[in-house]
Amino acid sequence: MNTFVRAFAFLVSRTPWAVVITTLVLFGVFGSLSTQVQIGQGNEGLSPDNPELLASDRINDLFGGDDTQESVIQVIVRNEGGDVFTKDAYDVVTAINAVLESEALSGKLSSLPGRGASFSYLDPAIDMASENDVVVAADEDVKDLYIEATTGPEANPQFSSLVSRNGDPSSATAQAGLVLVFTKAPDSLEEEAFDEAIENDSAVADALRTIPTPEGLEVIPFSFTLLFEDTGDAGSEVGRLFGMAALIILVILCFVYWLKPPGRAALVQSGRRTLADTLLTLFTIFAAITFMQGIGVLLERAGVIASFNNITQIIPILLIGLGVDYGIHITTRYREEIGRGQDVDGAARTAIGTVGIALVLATVTTAIGFLTNIFNPLPALKDFGILAAIGIVASFTLTLTFFPAARKILDRRTERRGRLSWAFVRLLIVARRVDHHIESRGSLPVAGMKANSERLLPSLIARTSVFAEKIPVVMIIVAMAFGGLGVWGLSQLETRFSVTDFLPSDAPGIRALEILQEEFGGGLGESTQVLIEGEDLSRPEVHNALVSAGARLNEVENVLVFPTPAGPIASASSPISILNSLNRGGPQGPPSEPVVAAAQAAGASQDLRVPPGSDVTPLWDAIFEVTPERAENVLHRSGSGYDALRFDIGTQAGETGALQLRQDLLDHFSEVSDMGISVIATSTEIITNLIVKELAESQTTSLLITLVVATVVLMISFWFENRRPFLGVITMVPVALVVFWTYGLMYATGIPFGPVTATLSALSIGIGVPYTIHIARRFGEDRVRMESLDEALRSTSRHTGGALAGSAFTTMAGFGILISSRLTPFQQMGQVTVYAVGLSLVAAVLVLPSMLALWERWHRRRAAATGTSNYAKPPRR
């Protein structure tokens, strides 16, 4: 490790211009590549390869097709506090039907036999008025027509489900009603198909939004596809937040880097240098982000990562926080060495040789923390881990090469000529020589750099060493107690995720979704599929089990049920439901003679059960003969038999009840699965919840792997450095506490565990490890140089603790801007990061020094008892 760092120091010392020029060339190359970054949309990257997701793909393969795939736009006709069974609402729904029948939308809508491209809550009244040539002139006409059309044995019970919960279909009153519009959907899940679906649904929705409505009435189209019609929200939000974070960090860095050398004439010099160091730090961070994105594009082309996504957009802001930490530490140590009297070359070598070792360890452990996401079941988090690790390594490399090389070029000119070069812009663009220099009364501001550690922030942090000096045991006990509370908070933490989280809370689609949840129990857009596969599903025992399951489906909680004169029936399409409708007849037509004949030939009873040994295959064949379009949606033939079928069930479980619904359906179809037949229940909501469940489980594994591997790395490092491997354990204990403290604060402030906050483990370790490593390594230096333990603790707290405080406040301010985001995950990420950074500082300046004090006192007592030296050789510079 020392050899590795010395190689960087040698490179910077001998060829600083080559380092700067090479960096700028690579910056141009990767900058060009980074312009090709494209952010994936929707659930892309958030779906693991679990059986439910595979079943969803399998359903598309077995039953999908250009003519059968369709999606539903739920059009809410609403009159808040009023009624939608009125003449005005009647005219609006009539206008909706007219727009849907226009030639412009003919290629975008989907129709099936017996059902047009739309289905509205007022269709009974509209159809009856048309059939009887009735002129609708008043609100009462609408109500009378609707009530007459929806009563009687021939009435379709589905219309009542299109009326809001606060309404009464029997008296034709409601605040809102639904118009279901069926649109053509692509038969694949590829990104191009998703874009096509967005374009298709958006065209229909835009046409509906142009319909004039009287005051009080609203027409609100909604589908999950429409949630993503404005895809610029997340991207523009990240750009806005990134710019604000950079601006805030610029201001705070100027405060942290400010020098105050004696003499009024040196004030300008100090300001120029402060601004130059600040801009140099920010450029280094920006270059690291550019390198990460450019390399990411190459990895995407090579197939190593799937894509950039909503979660990976957080990485640039993450790199700002971590990059600031690197820049502050290298600058602070460099200034300290200049203040001690070293020349520019010597100060640069010492800064790289001391802080560089800490940065290597910090980079390795942080990268390990992010790379544990490779084991995550979510492709998006795998990609996040890889890209974040690349960004961290890029930030580290640039901080130990480009940053000191550029600083050295500037300061070497100043040192040699006795003047401060204001050529920062010239350095970055490598343009023609600019001969404007600002004269100063001396060479380098040595006095200001020497006084840097006496400023307010380092002085305040130095005073915290009194806790380690006086009450270290108390500090450790208190820290452990809060750690225990954090573990309890972690056990109580709610795991939750919705793809709508990545949309602004005031987006129109979010409002529509809330209306559907509140007034329609989630609406009619939710559909749960039960995929059943086996070698021969037309066996009589399998057929009878399916008949039993279909007949009792209305008993399953959260399955959409319609009242009928014969009793409640479930909203479901399946081979059994189609057979029933064709065998008995109903609103869609009289009984089908071929189906009735096939049922009689199979010996089927009235409920379609067949006796053992019956041949059911001709009965199912009759479905394909009579209504092939409906049959292809629910049955799949293989050779002469049937190997797959599905139940398409209307449900209202939402995301909160999806997993319970899944289990209820599996229990309901247990008679089928007990025969060795595969039964899988799947839906968007089920897959989303399983994502969250697997996410929580994977993060526990990720956290343990990160802590163990990082501890081993530190133990090995400290063994080679000073034969004190246990110092690696001591260094990691506060980091583990930070993780649990942060989880505890998440629970206390109501922040759930989700895909974005799932990065917490890696983030807390990524931030916490550098903080504790810097303290531990600086203490290792100071304990050798200073005879008194208290003096060593105060020196460590003043120099390194002061730099950590400046870094922490800068990072907290940068990440804190996320709290102002309109996107919920970014708000939560901002809060969690502020927690993690603040707690990492507390652990580094209060807990770790207390542990180091106890550890050092034990070693000194043992050394005194054995008569051996307790001091290790100081690190080589």
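Predicted model: local features only at pLDDT ≥ 70, side-chain atom pairs only at ≥ 80, totals over all residues.
Residues are numbered from 1 along each chain as its sequence is written, and side-chain values use heavy atoms, with hydrogens and water left out.

First, the chain as a whole. Of its 877 residues, 57% are buried, and the secondary structure comes to 31 helices and 13 strands, where helices (H or I, at least four residues) and strands (E, at least two) are DSSP runs, numbered from the N terminus. If we take contacts, meaning heavy atoms within 4.5 Å, between residues at least 6 apart in sequence, then 79% of them join residues at least 24 apart.

Now to the aromatic rings. Rings of Phe, Tyr and Trp (its six-membered ring) pair if their centres lie within 6.5 Å, and planes under 30 degrees apart count as stacked, over 60 as edge-to-face and the rest as tilted. By this rule the model has twelve aromatic pairs. In one of them, Trp-620 and Tyr-642, the ring centres are 5.4 Å apart and the planes stand at 75°, so the pair is edge-to-face. Because Trp-620 lies in helix α23 (residues 617-626) and Tyr-642 in strand β12 (residues 641-650), this pair ties together parts that are 22 residues apart in sequence, and both residues are buried. Strand β12 also holds Phe-647, whose partner Phe-669 lies in the loop between α25 (658-668) and α26 (670-673), 22 residues apart. With centres 5.0 Å apart and planes at 70°, the rings of Phe-647 and Phe-669 are likewise edge-to-face, and Phe-647 and Phe-669 are both buried. Elsewhere, ring pairs link Phe-27, Phe-283, Phe-286 and Phe-402 into a cluster.

Let me turn to charges. How many salt bridges does the structure hold? There are 25, a salt bridge being a side-chain nitrogen of Lys or Arg within 4 Å of a carboxyl oxygen of Asp or Glu. One of them joins Asp-277 and Arg-407, with the closest N and O atoms 2.3 Å apart, and it links helix α9 (residues 266-302) to helix α13 (residues 402-417), the two residues being 130 apart. Asp-277 has a relative accessible area of 1% and is therefore buried, and Arg-407, at 5%, counts as buried too.

Within helix α29 (residues 760-785), Asp-782 and Arg-778 are four residues apart, about one turn of the helix, and they form a salt bridge with the closest N and O atoms 3.3 Å apart. Asp-782 is buried at 0%, and Arg-778 is buried at 3%.

By way of contrast, Glu-541 and Arg-539 meet in a salt bridge of 3.0 Å, N to O, where Glu-541 is partly exposed at 39% relative accessibility and Arg-539 is partly exposed at 27%.

Note on methods: Buried < 20%, exposed > 50% of the residue type's maximum accessible area, 1.4 Å probe, protein only.
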